[in-house]
Amino acid sequence: EEVKNLGKAIVDNGYIICCGGRDGIMAAIAEGARSSKLWTGKEIIGIIPSGDKKDANQFIDIVIPSGLGLYRNMLVARAGEACIAIAGGAGTLSEIAFAWQIGRPVAILDGSGGWAERLGGEIIDHRRDEPIVTLNSVEHAIEWINEIVKK
C-alpha cells in the first residue's frame, strides 16, 4: 500500500515515474500513480526487458520495449533525476549500483525489504562520500525528491 501511495504522491507533486515496467513493485507504483488527480496518461514510463509491448504491466502509460533483457537496468537507472529503490532482488541491486556509478542520487524506501533495505545508509564504494539515503515515509520521499530537483 505504501508503494501505491508513493506512486500517487510522485505524480501529485508533478513528477514522472520511470520503472522497469513489469509486475510486483513496478505495477504497484504505476497503479498508485494512476490514482493521482494529476495523472493524464503520460506520467508513467516502463522500460521493459523484452521487445514486446504486451509484456508491460497494465498501468504503464509509455512502454519502451528495449529488447535488451537485463541490460535495460542501466536505462532505468539513467532515465530519472533520482533513484528510489524499493525492496528488490538482483535487478534492483544492479539498478542501485548503476545509479550510484553514474552519480544519480540514490535512496531506498525503509521497511520495504530486499536489497533496498540492506543498502540503506551504506556507502557502496569510493566513487561517492554520501551514503544511500533512507526514506522512512512517502512524505520524506517527496521532500527528498523536491531537494534533488531544486539542485
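Predicted model: local features only at pLDDT ≥ 70, side-chain atom pairs only at ≥ 80, totals over all residues.

Colleague: How many salt bridges does the structure hold?

Modeller: The structure holds six salt bridges. One of them joins the side chains of Lys 4 and Glu 31.

Colleague: What makes the contact of Lys 4 and Glu 31 a salt bridge?

Modeller: The N to O distance is 3.4 Å. The cut-off for a side-chain nitrogen of Lys or Arg and a carboxyl oxygen of Asp or Glu is 4 Å, so the pair of Lys 4 and Glu 31 qualifies. The pair also links distant parts of the chain: Lys 4 belongs to helix α1 (residues 2-12) and Glu 31 to helix α2 (residues 25-34), 27 residues apart.

Colleague: Why do you call Lys 4 partly exposed?

Modeller: Partly exposed is the range between under 20% (buried) and over 50% (exposed). Lys 4 has 30% relative accessibility, so Lys 4 counts as partly exposed. Glu 31, at 31%, counts as partly exposed too.

Colleague: What about Lys 8 and Asp 12: how far apart are the N and O atoms of their salt bridge?

Modeller: They are 2.8 Å apart, N to O, and the limit is 4 Å, so the side chains of Lys 8 and Asp 12 meet in a salt bridge. Lys 8 and Asp 12 are separated by about one helical turn because they are four residues apart in helix α1. Lys 8 is partly exposed at 30% relative accessibility, and Asp 12 is partly exposed at 30% as well.

Colleague: And Arg 34 with Asp 61: what makes that a salt bridge?

Modeller: The closest N and O atoms of Arg 34 and Asp 61 are 3.2 Å apart, and the cut-off is 4 Å, so this pair counts. Arg 34 is in helix α2, while Asp 61 sits in the loop between β2 (44-48) and β3 (62-65), 27 residues apart.

Colleague: Is Asp 61 buried or exposed?

Modeller: Buried: Asp 61 has 18% relative accessibility, and buried means under 20%.

Colleague: Now to Arg 104. How do you know that Arg 104 has no salt bridge?

Modeller: The nearest side chain of opposite charge is Glu 81, 8.2 Å away. A salt bridge needs a distance within 4 Å, so Arg 104 is left without one, although Arg 104 is buried.

Colleague: Where does Arg 104 lie, and what does its side chain reach?

Modeller: Arg 104 lies in the loop between α4 (90-101) and β5 (106-109). Its side chain reaches the backbone oxygen of Gly 80 at 2.6 Å. Leaving aside neighbours within four places in sequence, Arg 104 is in contact with several residues, including Ala 77, Ala 99 and Arg 128.

Colleague: Why is Arg 128 called buried?

Modeller: Arg 128 has 12% relative accessibility, and the limit is under 20%, so Arg 128 counts as buried. The place of Arg 128 is in the loop between α5 (114-119) and β6 (133-135).

Colleague: What polar contacts does the side chain of Arg 128 make?

Modeller: The side chain of Arg 128 reaches the backbone oxygen of Trp 100 at 3.1 Å. There is also a polar contact of 2.9 Å with the side chain of Glu 130.

Colleague: Turning to the surface, what makes Lys 37 exposed?

Modeller: Its relative accessible area is 81%, and exposed means over 50%, so Lys 37 is exposed. Lys 37 lies in the loop between α2 and β2.

Colleague: Last one: which residues make the nonpolar surface patch?

Modeller: Leu 68, Tyr 71 and Leu 75 make a nonpolar patch of about 330 Å². Leu 75 is found in helix α3 (residues 72-79).

Note on methods:
Residues numbered from 1 in each chain as written. Heavy atoms only, no water. Patch = residues over 30% accessible without salt bridge, like charges linked within 9 Å, V, L, I, M, F, W, Y side chains within 5 Å. Areas by Shrake-Rupley, 256 points an atom, 1.4 Å probe, with all protein chains shown as cover. Helix = DSSP H or I, 4+ residues; strand = E, 2+ residues; numbered from the N terminus. Buried < 20%, exposed > 50% of the residue type's maximum accessible area, 1.4 Å probe, protein only. Lys, Arg positive; Asp, Glu negative; His and termini not counted. Polar contact = N/O pair within 3.5 Å; in protein donor to acceptor, adjacent residues only side chain to side chain. Contact = heavy atoms within 4.5 Å.
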